[in-house]
Amino acid sequence: MERLEDELDRARDLDVGDLADAIEAIGFECTRCGGCCKSAGEEAHTATVFPDEVRELAAAEDLEWRDVARPMPFGLDDEGHGETFEWALQTDDCGDCTFYEESPGSGDDGDEARGSGACTVHENRPLICRTYPFSVALGGTSQPMGEAVDEAGMVRAHECEGLGRDISRSDAEELAAALKERAVTELEEAIGVRDAYEPVDAGAEEAVVHDSEGAKRPDGTPYRG
């Protein structure tokens with residue numbers, strides 16, 4: 001198994017041009033279907049967000065930490081208590097991303113009948129959103145929403161109705177640069193979590209998130225036990 005540091009070196013060496021070539025070969029255009037922003041059945045939307053991204057989005061939108069992020073549910077019990085190692089974008093009562101907004105459809109035949117989704121914080125959206133539905137084939141990096149359905153070189157594409165559509169070179173390069181940044185950031189965060197981790201005696205009624213900055217409460221403040 002590769003060390004995280006070795007994978008980080010590989011991520012930093014990724015060539016944006018090669019990633020853009022792969023994205024062009026697969027093809028992609030966002031259809032604004034909202035599939036990547038909404039809950040999947042009974043499972044609430046889960047999209048990883050990094051600590052710096054939470055702060056930046058909160059500052060840009062004049063929000064509190066809890067408005068932006070929640071403890072990733074994996075590792076928590078049904079009441080949301082326990083320990084986890086990531087933050088997820090906050091969700092609404094329906095389990096959709098709290099920043100997702102859908103306009104009603106026209107009622108005519110075609111795509112518009114379903115409505116059109118939009119991100120209300122599009123300019124400040126986190127890397128996972130900027131790069132969906134793509135990931136890179138490196139250990140220590142995440143695969144969004146299930147297994148890959150297509151691949152080219154180091155790039156993996158995950159289920160999305162926008163795959164296979166034409167994409168301009170400039171858009172492919174922009175997406176590729178964000179994809180490389182995400183791969184590097186994911187690995188830096190994983191290393192930071194590993195190095196900052198200290199066991200805590202979390203109470204039965206608490207949730208603790210271990211991120212690269214240490215243990216935190218759901219409001220983003222340091223966990224003191």
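**View A. Four bridges join strand β8 (residues 148-152) to strand β9 (residues 155-158) in an antiparallel arrangement.** The model is predicted; local features need pLDDT of at least 70 and side-chain atom pairs count only at pLDDT 80 or more, whereas totals for chains, interfaces and linings use all residues. Residues are numbered from 1 along each chain as its sequence is written, and side-chain values use heavy atoms, with hydrogens and water left out. Strands (E, at least two residues) and helices (H or I, at least four) are DSSP runs numbered from the N terminus, and two strands pair if DSSP finds at least two bridges between them. D150 has A157 of β9 as its bridge partner. Two residues lie between β8 and β9 in this hairpin, and G153 in the turn has a positive phi of about 60 degrees.

**View B. An open sheet of three strands has the order β3-β10-β11, with mixed pairing.** Its edge strands, β3 (82-84) and β11 (214-216), each pair on one side only. On average, neighbouring strands of the sheet are turned by 25 degrees against each other, direction ignored. β3 runs parallel to β10 (residues 207-211), to which three bridges join it; T84 has V209 of β10 as its bridge partner. Helix α6 packs on the sheet and touches β10 and β11, its direction making about 115 degrees with that of β10. Contact means heavy atoms within 4.5 Å.

**View C. Helix α1 (residues 4-12) and helix α6 (residues 169-196) cross at roughly 160 degrees, their axes coming within 9 Å.** Axes are lines fitted to C-alpha atoms, for helices over the stretch in contact, and angles run from 0 to 180 degrees between N-to-C directions. The two helices are therefore roughly antiparallel, a term for angles over 145 degrees. From α1, the contact involves L4, E5, E7, L8, A11 and R12; from α6, it involves K180, A183, V184, L187, E188, A190, I191 and R194. Eight of the contact residues are nonpolar, none is polar and six are charged.

**View D. W65 and W87 form an edge-to-face pair, because their ring centres are 5.1 Å apart and their planes stand at 70 degrees.** Rings of Phe, Tyr and Trp (its six-membered ring) pair if their centres lie within 6.5 Å, and planes over 60 degrees apart count as edge-to-face. The pair links distant parts of the chain, 22 residues apart: W65 belongs to helix α4 (residues 65-68) and W87 to strand β4 (residues 87-89). By this rule, the count of aromatic pairs comes to three.

Notes. Parallel < 35°, antiparallel > 145°, perpendicular 65-115°, else oblique. Nonpolar A, V, L, I, M, F, W, Y, C, P; charged D, E, K, R; others polar. Phe/Tyr/Trp six-rings, centres within 6.5 Å; stacked < 30°, edge-to-face > 60°.
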